[in-house]
Amino acid sequence: MLYLGIDLGTTFSLASYINAANQVALVPDRFDANSFRTPSVVHIGNGGCFVGDAVEARLLEDPTTPHTRFVKLAMGENQSFPDHQQRPWRPEAISALVLKKLLDDTRSFLPDDIAGAVVTVPANFSDQQRQATKQAALLAGLPRVTLIEEPIAAATFYGVNDISGDQTLFVFDLGGGTFDATLLQAADDGLFVLATDGQHDLGGKTVDEAIMQQIADEYERLHDADPREDPTALVQMRQFATEAKLELCRPGVSQVRKTLLLNRRSVDFLLTVAQFNRLVDKLVDQALTVCERCLQAGGMDWDFVDHILLTGGSSLLPLVREKLAERTGRPKDGLLLKQPHQAVAFGAALIANQLFNERAEQKQLQRATAWQLGIRVAGADGQPCVKVMIDKNQPVPASKTVTFHTNREGQPRMVIEIVQQKAPQEDEKSLGYFIFSLPESAPSKYAVEITLAYDMEGLVTATARNPQTGQQLKQVMDENGAALDDELVRQKEWVDHTRVNDA
Ligand SMILES: Nc1ncnc2c1ncn2[C@@H]1O[C@H](COP(=O)(O)OP(=O)(O)OP(=O)(O)O)[C@@H](O)[C@H]1O
Ligand SMILES: [Mg+2]
């Protein structure tokens with residue numbers, strides 16, 4: 001039986017497993033035994049569907065190749081990506097194609113049946129983003145799936161090799177598209193999350209786009225036009241920006257110079273390491289602010305942290321280590337940076353093996369809520385406001401019941417809107433409404449008990465109960481959510497009928 005750990009990343013996705021020597025390993029690409037990371041990019045066209053390196057190769061040859069990238073940032077959003085037949089693919093379905101590619105690779109490489117998988121999500125993913133990820137797994141036909149937060153997976157991987165006894169860990173996870181900061185306690189019997197925080201849309205993509213902005217500014221100065229309006233130029237600029245970034249991160253490199261031909265007009269581009277670091281500086285400052293908020297929520301400061309683990313490809317930016325070392329007052333080599341590209345996938349495989357394999361040693365894993373959860377109510381001044389029922393950074397599973405009262409006599413129903421919030425002052429995200437009917441001629445101030453709960457995967461359930469009659473309505477935002485709605489049932493057909501990388 002095979003239990004997979006899958007890192008479904010913004011820029012790269014990986015599948016990991018435990019090999020016969022009882023070590024974590026990555027599944028190679030079906031057509032390239034030296035490739036272990038799949039670029040999270042999808043092309044659907046007349047010639048078929050391609051995922052990963054096959055699309056990157058086509059894009060190098062022909063930048064006009066239609067493709068979808070960064071779909072992780074659209075998960076849980078009401079967005080779609082049209083294919084060549086104008087079929088609107090939802091983010092879940094595009095992600096399912098990436099998963100399908102990883103499953104094809106796995107099946108062609110390993111003989112065992114895939115019996116379960118742990119798929120990782122950023123710690124700061126909302127309920128909707130988590131649900132969408134679960135649905136992507138369902139669309140891809142993965143049998144049993146559990147979601148785990150990326151920093152927990154990374155800490156699990158590090159913990160197995162590098163840490164023993166009771167220790168406080170801080171995971172700094174700067175990937176392609178998202179940033180997570182997590183404070184954990186590691187003990188011999190397991191891992192316990194003390195606090196978690198994060199920022200959406202902060203990662204390598206942010207740096208690439210800052211470089212693209214510089215190119216665009218120079219181009220605009222010369223030619224009085226924004227090159228990004230041309231889709232081909234946009235692809236070329238992104239490729240160049242990523243390459244330039246990686247080049248500038250190499251030791252000894254002091255500048256990158258290139259003449260780019262964009263939309264038939266040329267632009268000379270020069271970026272020095274000093275200029276580059278000024279771009280990266282802002283990103284690192286934002287990440288450090290998130291870290292300190294996280295420490296504060298856990299009631300600690302850097303001095304209490306035994307190990308700082310860096311993970312995610314963008315933690316290889318030299319300035320990240322420099323500034324983090326400076327801020328935390330420790331030497332650069334006091335920061336743990338080991339296989340930052342693979343740590344999340346490896347940790348996920350370790351967790352999958354513990355979770356699904358009854359014979360494996362079971363370690364405790366205490367996770368925490370990343371969002372506060374509540375319902376929208378009318379405030380004292382009649383304006384809607386959020387009544388928080390479960391705070392952020394509470395151990396999961398978590399559940400809370402509060403009795404609410406109707407406003408007026410004969411009110412036929414109570415409309416309950418469930419919302420998540422990062423912090424009290426931040427915008428709330430609505431998870432949806434549900435309607436609870438009340439008996440006819442119910443008096444004013446009629447009581448309704450509302451229970452909100454987080455399950456182990458950070459998914460939300462809401463229950464309304466009439467204590468007078470015992471009538472109850474449960475809105476399982478996960479269980480029914482994980483069942484596919486009509487639109488996704490249709491898209492499952494598309495996914496099922498789409499062969500990936502099968503030219
Ligand atoms: N040596 C390096 N120096 C700087 N950046 C790097 C380096 N290697 C990779 N990156 C960047 O790291 C990012 C990819 O990291 P990673 O694979 O951890 O992200 P991801 O898992 O796809 O994203 P996320 O975790 O946000 O969903 C890309 O933006 C890539 O350009
Ligand atoms: Mg990642």
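This is a predicted model: local features need pLDDT of at least 70, side-chain atom pairs count only at pLDDT 80 or more; totals for chains, interfaces and linings use all residues.
Me: Why are β20 and β23 called paired strands?
Reply: Strands are DSSP runs of E with at least two residues, and helices are runs of H or I with at least four, both numbered from the N terminus. Two strands pair if DSSP finds at least two bridges between them. Strand β20 (residues 372-378) and strand β23 (residues 413-421) have four bridges in the antiparallel sense, so by the definition they pair. One bridge sets Gln372 against Gln421 in β23.

Me: How do you know that β20 also pairs with β21?
Reply: Six antiparallel bridges run between β20 and strand β21 (residues 384-390). Arg376 stands opposite Val386 in β21.

Me: What makes β6 and β7 edge strands?
Reply: The strands β6-β5-β7, in that order, form an open sheet with antiparallel pairing. Within it β6 (48-51) and β7 (68-69) each pair on one side only. Two bridges join strand β5 (residues 41-45) to β7, and in β7 the partner of Val41 is Arg69.

Me: How do you know that helix α1 packs on this sheet?
Reply: Contact means heavy atoms within 4.5 Å. Helix α1 (residues 53-61) touches β5, β6 and β7, and its direction makes about 100° with that of β6. Such angles run from 0 to 180 degrees between N-to-C directions, with axes fitted as lines to C-alpha atoms, for helices over the stretch in contact. Helix α2 (residues 91-109) also touches β5, β6 and β7, with about 105° to the direction of β5.

Me: What makes domain 1 and domain 2 neighbours in contact?
Reply: The protein is divided into domain 1 (2-163 + 338-363), domain 2 (204-277) and domain 3 (372-486), with bounds from an automatic or database domain assignment. Eight residues of domain 1 are in contact with six residues of domain 2. The centres of these two domains, taken over C-alpha atoms, are 29 Å apart.

Me: How much area do domain 1 and domain 2 bury between them?
Reply: About 610 Å², with 73% of it on carbon and sulfur atoms. Buried area is the accessible area (1.4 Å probe) that two parts lose on being put together, summed over both. On the domain 1 side, Leu60, Pro63 and Phe70 lose the most area, together 60% of what that side buries.

Me: Which strands are the edges of the six-stranded sheet?
Reply: The open sheet has the order β18-β17-β12-β13-β14-β19 and mixed pairing. Its edge strands are β18 (335-337) and β19 (364-366). Neighbouring strands are turned by 25° against each other on average, direction ignored. Three bridges join strand β17 (residues 307-311) to β18 in parallel, and Leu309 has Leu336 as its partner in β18.

Me: Why is Gln86 worth a remark?
Reply: Most residues other than glycine have a negative phi, and most peptide bonds are trans. Gln86 is not a glycine, yet has a positive phi of about 65°. Its place is the loop between β8 (81-82) and β9 (88-89).

Me: What makes the bond from Val396 to Pro397 cis?
Reply: The omega of this peptide bond is near 0°. Pro397 lies in the loop between β21 and β22 (398-405).

Notes: Residues are numbered from 1 along each chain as its sequence is written. Chains are lettered from A and ligands numbered from 1 in the order in which they are written. Side-chain values use heavy atoms; hydrogens and water are left out.
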